Amino acid sequence: MKSTDKLTIIPPGKPLSGRAMPPGSKSITNRALLLAGLAKGTSRLTGALKSDDTRYMADALRAMGVSIDEPDDTTFVVTGSGRLKPPKAPLFLGNAGTATRFLTAAAALVDGTVVVDGDEHMRKRPIGPLVEAMRTLGIDVTAETGCPPVTVKGTGRFEADRILIDGGLSSQYVSALLMMAAGGDRPVDIELVGEDIGALGYIDLTTAAMKAFGANVEKTSPVIWRVEPTTYRATDFIVEPDASAATYLWAAEVLSGGKIDLGVPNDAFTQPDAKAYEAIAKFPHLPAEIDGSQMQDAVPTIAVLAAFNETPVRFVGIANLRVKECDRIRALSTGLNNIRGGLAVEDGDDLIVHSDPALAGQTLLAEIDSFADHRIAMSFALAGLKIDGITILDPDCVGKTFPAYWRTLAALGVTYQDND
Ligand SMILES: O=C(O)C1=C[C@@H](OP(=O)(O)O)[C@@H](O)[C@H](O)C1
Ligand SMILES: C=C(OP(=O)(O)O)C(=O)O
């Protein structure tokens with residue numbers, strides 16, 4: 001589809017049915033790219049995601065001396081030398097949280113200076129806890145604003161047998177340190193401090209990927225992981241489909257009353273957002289309270305679905321949605337209230353969606369600000385399946401994780417108004 005600054009969705013008026021595959025997992029692709037880049041030898045990653053976030057990771061690794069070929073749309077062939085080289089210029093990582101956090105820690109394994117930077121949105125996303133934890137290892141690292149840009153002056157080694165990290169704002173700090181730790185010269189215990197961490201399932205994804213690349217990592221208590229200094233071994237690796245992307249298709253299915261074949265069973269995912277299936281399958285009887293803490297990226301999907309539910313839904317455990325690509329709690333309440341005033345209320349860091357099944361079939365002209373956030377654009381497109389007049393601004397932002405999103409909906413029978 002051609003690039004456009006707005007896209008109006010025409011409600012299909014029929015159940016959406018057919019085959020629609022989500023792309024490869026962003027989270028797993030970016031872990032596998034990094035681990036393959038740190039390994040010595042050639043790794044073949046298949047089923048991988050090609051999108052803005054994975055391109056930023058791949059290009060950053062290329063800038064650090066890793067050779068990466070792309071023989072087709074879902075494969076990366078990665079050849080590392082076993083050591084990342086200092087890049088000649090700052091690494092620009094757009095608004096890719098995974099790439100930014102993972103490479104900040106990995107930069108400690110580089111003998112030289114690495115500047116990790118991103119776009120104006122990334123420059124507002126906190127990285128202070130990760131920077132502080134790295135400093136306690138004697139690594140020279142600075143982030144003046146507590147957000148990128150981050151400057152890491154690595155020596156290629158670090159000395160630590162214990163790292164304390166507060167993962168309350170982002171589990172990615174913990175994942176970043178875990179992946180770095182296998183490149184050390186002695187066993188390291190990584191210990192969570194502070195209150196809650198977000199989705200623990202992302203840590204499991206990290207340790208599973210590390211093991212696949214030959215690392216020896218073990219959970220020795222509910223808050224401690226021990227990582228042995230194995231470095232990484234090149235391997236062939238299959239990336240599973242993206243569970244967060246799957247949530248839009250699951251929601252489109254229940255909203256339209258159709259049958260969408262994702263080509264992968266809903267219980268085959270190892271990613272945290274796969275938990276969303278259970279909630280989505282209850283539509284139009286979603287629970288009165290949904291804890292989003294362990295399936296954070298699925299909350300926008302379920303929140304828009306909740307607008308059409310029989311009864312109101314309160315989303316709890318979602319405070320760190322405020323520091324994602326945008327403040328997602330605000331973006332959701334703004335978009336829902338734009339569709340119909342009073343549809344959503346922010347209560348502290350909870351979001352209450354005052355459901356109204358009668359929204360379906362109405363014409364309500366609403367231009368939805370995506371706030372440059374792929375998940376806001378993709379979620380509100382779901383409202384356009386039922387309400388006539390929903391226009392998504394900046395629809396191209398879906399390129400962050402699901403570049404084929406609009407084409408995928410079109411293949412299921414969704415049409416768009418030509419706004420030109
Ligand atoms: O580790 C990962 O792959 C991710 C962790 C989550 O972020 P936080 O840990 O920042 O909550 C999630 O929102 C993000 O899309 C991907
Ligand atoms: C929060 C997200 O991304 P990241 O933190 O990787 O930028 C997301 O994809 O919803």
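Modeller: Leaving out residues up to four places away in sequence, Ser27 touches Thr98, Tyr202, Leu205 and Gln271, a contact being two C-beta atoms, placed from the backbone, within 7 Å. This is a predicted model, in which local features need pLDDT of at least 70 and side-chain atom pairs count only at pLDDT 80 or more, while totals for chains, interfaces and linings use all residues. Residues are numbered from 1 along each chain as its sequence is written, and chains are lettered from A and ligands numbered from 1 in the order in which they are written.

Ser27 belongs to helix H1, residues 26–38; helices (H or I, at least four residues) and strands (E, at least two) are DSSP runs numbered from the N terminus. Ser27 counts as buried because 30 C-beta neighbours lie inside 10 Å; the term requires 20 or more, with 12 or fewer meaning exposed and values in between partly exposed.

Ser27 is also one of the residues that come nearest to ligand 1, together with Ser170, Ser171, Gly198 and Tyr202, out of 13 around it; membership requires a C-beta atom within 6 Å. Helix H3 (97–106) and helix H5 (172–181) are the elements that give two or more residues to this shell. Its make-up is two nonpolar, ten polar and one charged residues, with Gly counted as polar and Tyr as nonpolar. Domain 1 (6–23 + 242–417) and domain 2 (26–238) each supply at least three residues to the shell, the bounds coming from an automatic or database assignment.

An unreviewed UniProt entry lists "binding site" positions, including Ser27, Ser170, Ser171 and Lys324; such annotations may be inferred rather than shown by experiment. Lys324 sits in the loop between strand E17 (313–316) and helix H10 (328–339), and it counts as buried because 24 C-beta neighbours lie inside 10 Å.

Leu382, beyond its neighbours within four places in sequence, is in contact with Tyr248, Ala251, Ala252, Leu255, Val304 and Leu305. Val304 and Leu305 are among the buried residues of H9, a helix spanning residues 299–306 in which eight of eight residues are buried.
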